[in-house]
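Please read the points below alongside the sequence and the structure.

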Amino acid sequence: MSELVTTDCGDTALDCLQKLIAYSHLTGNVPDSTEPNKLLIVRIVETICGCFTGPQTDESVQLQIIKVLLTVMTSQHVEVYEGTVLLTIRTVYNVYLSSRNLVNQTTACATLTQMINVIFARMETQAEEENVRLDGEHQQEGSVIANGVRLFNDDGCRKLFKSLREDYQKRSPYIAYLIRCRQGLLSTFAHLDRYCLYINIIFVCNV
């Protein structure tokens, strides 16, 4: 009798969860009070998946697990990632493998297919949104460059060249100094090369 009550309670609880998520009354997109570094939806999914304990799980509970997990995966208001997605798919797959009920097996198989399709559809949507965002940034950069080019009319070009010429004139003494330093270094290297050659000749003659 207690087992029947437990089964009925589990079936009802899962059905309530499914309806709350389906109608966006429960999203779980807030930190878990017991583990603030995790979202509440993670614990909700873990609890749902924990209701399946193997072939001995009541068939009605199995069906409710499949339904609520499908609702989690397909809801536009619930966000699940990585480990939670894997746990969801693994649980439905385990129901498919372990269930002795043909209806539950068929439902689990169809649910897995639908989940995979939803995952790939969302991946494609995110990729398209990212491409649109990048295209928008590139267009904005191109617009900025075009606006900058349009600013340089004839008068602007003359001012630009004048500014560059004045800047060069200011830097010319320093540039001349650098050139003289370079010439001095080259001359020093040449003297060192001659001294090295002279030393080598003396060394060879002494040998």
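A nonpolar core is a set of buried Ala, Val, Leu, Ile, Met, Phe, Trp, Tyr and Cys residues joined through side-chain atoms within 4.5 Å. The model described here is predicted. Its largest nonpolar core holds 27 residues.

**The nonpolar core**

- Ile41, Val45, Ile48, Ile65, Leu69, Val80 and Met115 are the members that touch the most other members of this core.
- Two or more residues each come from helix H1 (2-22), helix H2 (40-50), helix H3 (59-74), helix H4 (82-98) and helix H5 (102-151).
- The greatest contribution to the core is that of H3, with eight residues.
- Beyond its neighbours within four places in sequence, Val80 contacts Ile41, Val45, Val72, Met73 and Val85.

**Gln62, in helix H3**

- Gln62 is located in helix H3.
- Gln62 counts as buried because its relative accessibility is 1%, and buried means under 20%.
- Apart from neighbours within four places in sequence, Gln62 is in contact with Phe52, Gly54, Pro55, Thr57, Val95, Ser99 and Asn104.

**Glu46, in helix H2**

- Glu46 belongs to helix H2.
- With a relative accessible area of 38%, Glu46 is partly exposed, since this class lies between the limits of 20% and 50%.
- When residues up to four places away in sequence are not counted, Glu46 touches Lys38 and Leu87.
- The side chains of Glu46 and Lys38 make a polar contact (3.4 Å).
- Glu46 and Leu87 lie 41 residues apart in sequence, and their C-alpha atoms are 7.7 Å apart in space.

Definitions and conventions: Residues are numbered from 1 along each chain as its sequence is written. This is a predicted model: local features need pLDDT of at least 70, side-chain atom pairs count only at pLDDT 80 or more; totals for chains, interfaces and linings use all residues. Side-chain values use heavy atoms; hydrogens and water are left out. Buried means under 20% relative accessible area, exposed over 50%, partly exposed in between (1.4 Å probe, protein chains only). Helices (H or I, at least four residues) and strands (E, at least two) are DSSP runs, numbered from the N terminus. Contact means heavy atoms within 4.5 Å. A polar contact is a pair of N or O atoms within 3.5 Å; within protein, one must be able to donate a hydrogen and the other to accept it, and residues adjacent in sequence count only if both atoms are side-chain atoms.
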